[in-house]
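Biologist: Hi, could you walk me through this one?
Modeller: Happy to, let's have a look together.

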Amino acid sequence: MDLKKLWQTTLSELELQISRPNFLTWLKNSQLIEKNKEGQIIIGLANNFAKEWVENKYHKIILGILRSLDETIKGIKYTVITGPTKEPALKIRNTQHEKINKSHPSFPELKIDPETNLHPRYNFNSFVVGSSNELAYAAASAIIKDVGKKYNPFFIYGGVGLGKTHLIQAIGNEIKQLYKNRIKTKYVPSEKFVNEVIWGIRNKRMDDIKSRYRNIDVLIIDDIQFIGGKERSEEEFFHTFNALYENNKQIIISSDRPPAAIPTLEERLRSRFLGGMIADIGLPDYEMRVAIIKTKLQEQNSALSDDLCGLIANKVRKNVREIEGILNKITFYRENKSDDLTPAIIEEIIDSSIQQSFKNISPNQVIKVVAEFFETTPNELTARSRRKEIVEPRQIAIFLLRDILSLSYPNIGEKMGKRDHSTAIHSYEKISEEINKNRDLNQKVILIKELIYKQ
Amino acid sequence: MKLIILRSNLKEGLNKIDKIVGENLNLPILKNFLIETTDNKIKLSATNLELAITNFISGKIIEEGGLTIPINIFSSIINNLQTERINLEVKNNNLIIKTDNYQAKIQGIKKEEFPIIPKINNEQNFLEISTSILKQSLCSIISAAQMSNIRPELNGVFFDFQINSLKLAATDSFRLSEKTISNNQFKTQINKQLKTIIPLKTIQEVIRIIKENDDKILIYFDANQVLFKNNDLEIISRLISGDFPDYQAIIPESTETEIIINREQLINAVKLTSTFIDRLSEIKISIKEKTKNIEVYSTGQGVGENQYLIPAKIKGPSLEIVFNWRFLLDGLKNLNSEDVVIGLNGNNKPAVIKSPDDISYFYIIMPIKSS
């Protein structure tokens, strides 16, 4: 007899022997959880009161019934079922809460699943696949089918707002949906990891952190570049990484650049990352941008004509998140001002949102970001050195000053250590040409631009 | 059982337990409370099977024993009696109440039928804290929680024990409050992190019952229950299973616009302008860069409109933001400093309300989308 049936039979006999109120109060939602080899049975009850009551008052009757059904049963243990509370035991009357609920926005972060830390918003239905991310997508699909075995670790990199987080969270959500609780998934932004390590050090509870991370089946770490240079976190992550890796647990890592380009990352970690699958997410092409726009509009239950979609796709090339922002503004405009969207209005919306991103950037900031990216100083960048490691960054800085801020060449020359304007022209032209040929350089320039926009 | 009790003692004891006794259609005995003698003390207990409150009162015990009796009948008798000395006696499942000039007989149910109140298994796992600190802390955060059918894990107060501090938090998804109690304000042997959600109803009872004084209260944490205990009181409750949301992500790291403003004045402004507020409960606050006032504005359709200017120190860009006025008021009332700091990040991101010199508390509120 299986456990469920055994308990059903027991309950129906028990019902005859005790009063109905008692039966309903104490044995509702009870379960026979387990029977072990020694003939011990574990019965789960709804709450502590039920446990005390059943244990003290009904133990003999229950044991008697169970034994008459199954002679091998020797004893019973009682426990309280802790699972997600399905319904509050006390009825809640319709509170103010429900009334407010409709019009009042709530904290968006509260939708995050506290157990896995994943946001349900990120799924594969809303992930648009195109030439710039198809490799990453294919690898992700393979990982979901064969967790921990195929591509491990899976390292994914790409610029800001291109869908890294979306993809890695979607992997997590998909795994959770497919394997339910059999596979324990956890998504951790690396900043959070660092904070936990700091907590562990402060309170001398590093073991807590260790054990917390080592029984995860799928560990998803976002923006790993932040961990670079934080020695203790790197070390802790290294050990966690090894422990999980050796046990065939899946590790998924994202970063804004390839492992080799994270300067502060320890060598041993870098080599670990290189040992798995590395995929990049690049800038989406025109068709893909249109597809993204259409998907987003569909999510918002709105639509735009093909012309207008094309217009947005043409104007916003670099950042998918920016597209999202612009679409939100368009929706807002429609709801509040007018339904009649002309290309001119859309252009105005786009310009105003993109403009904002460079509005507050000064030339010095650009130089500083470039210097930091190449791990040098603004002074060195503007000095006279003709070393190769400095020349290229210097040219990139000049290129960006022209490209982003549209400074005049003489002004750029002045800013870059009193150089001649012809040097600035040469540098600008050289980089403009190179980025079309040299993929590496292009990637670097894109990354630096994003860092500048973030300022 | 035979007792002589002072009316005031009995009344006070009943007050502590009577709020949790409610209708339970399945088990009529839950309308009763248990009065019994144990170790030379008189013990009153009541439960609704979610939480149980036990409370010891003093009195003269002539004969040991116990009985359960309907609390509403008993309470109304005790409340209306004039005499101070009350004799209680149990005879054949009846409770006889006797004073100089009054006598009553209440039918009871024998005490063996009363639910057994669970015990804590791990007696080492406790935290000792002064009742006034606990009460004040709980009071400051509880208004951010509301009972809801949608998310059971929000129907409680989050106790996040971090070894070096104890954080209490509550949210109803529209606002969030957090209070940090540092480890010099409590004593404990617990040496590992502990996260647990205590039902709102339990916390309301704790706040209602415990007195604000220097006495200590002990909080015991078990796998699925919690016990608040001092000399004459025990409140044991189930915990809410599930994980409290990781609310750290909600706390803004920085705020663009910041205003410092007199708290009383703002409370007054919110109350006053709310006169015109209709069902939507919207109140608008306008902040203009480089001015010395903020404007609180509200309007009601077909009723009218009004605005209130309050002096404030303003830092950062101009902004117009709309709140539910009750939520805003709740947050302001939870503080007790003279001034409050309100930090904002645009008109659709959460706003933070805190005191300028107390970092242990904050209240975050989600604005209403302005139209």
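**A helix and a sheet**

Biologist: How far can I trust it, and how is it labelled?
Modeller: This is a predicted model: local features need pLDDT of at least 70, side-chain atom pairs count only at pLDDT 80 or more, and totals for chains, interfaces and linings use all residues. Residues are numbered from 1 along each chain as its sequence is written, while chains are lettered from A and ligands numbered from 1 in the order written.

Biologist: Which residues of H1(A) are buried?
Modeller: A:Trp7, A:Thr10 and A:Leu14. The buried residues fall within an arc of 65 degrees seen down the axis of H1(A), so they line one face. That arc uses directions from the helix axis to the C-beta atoms.

Biologist: New topic: how many strands are in the open sheet of chain B?
Modeller: Nine, in the order S6-S2-S3-S4-S18-S17-S16-S10-S14, with antiparallel pairing. Strands pair if DSSP finds at least two bridges between them.

Biologist: Which strands stand at the edges?
Modeller: S6 (66-70) and S14 (186-188) of chain B each have a single partner strand, so one side of each lacks a neighbour in the sheet. S6(B) pairs with S2 (residues 32-38) of chain B over five bridges, and B:Leu67 in S6(B) stands opposite B:Ile35.

Terms used:
Buried ≥ 20, exposed ≤ 12 C-beta atoms within 10 Å, placed from the backbone. Helix = DSSP H or I, 4+ residues; strand = E, 2+ residues; numbered from the N terminus.
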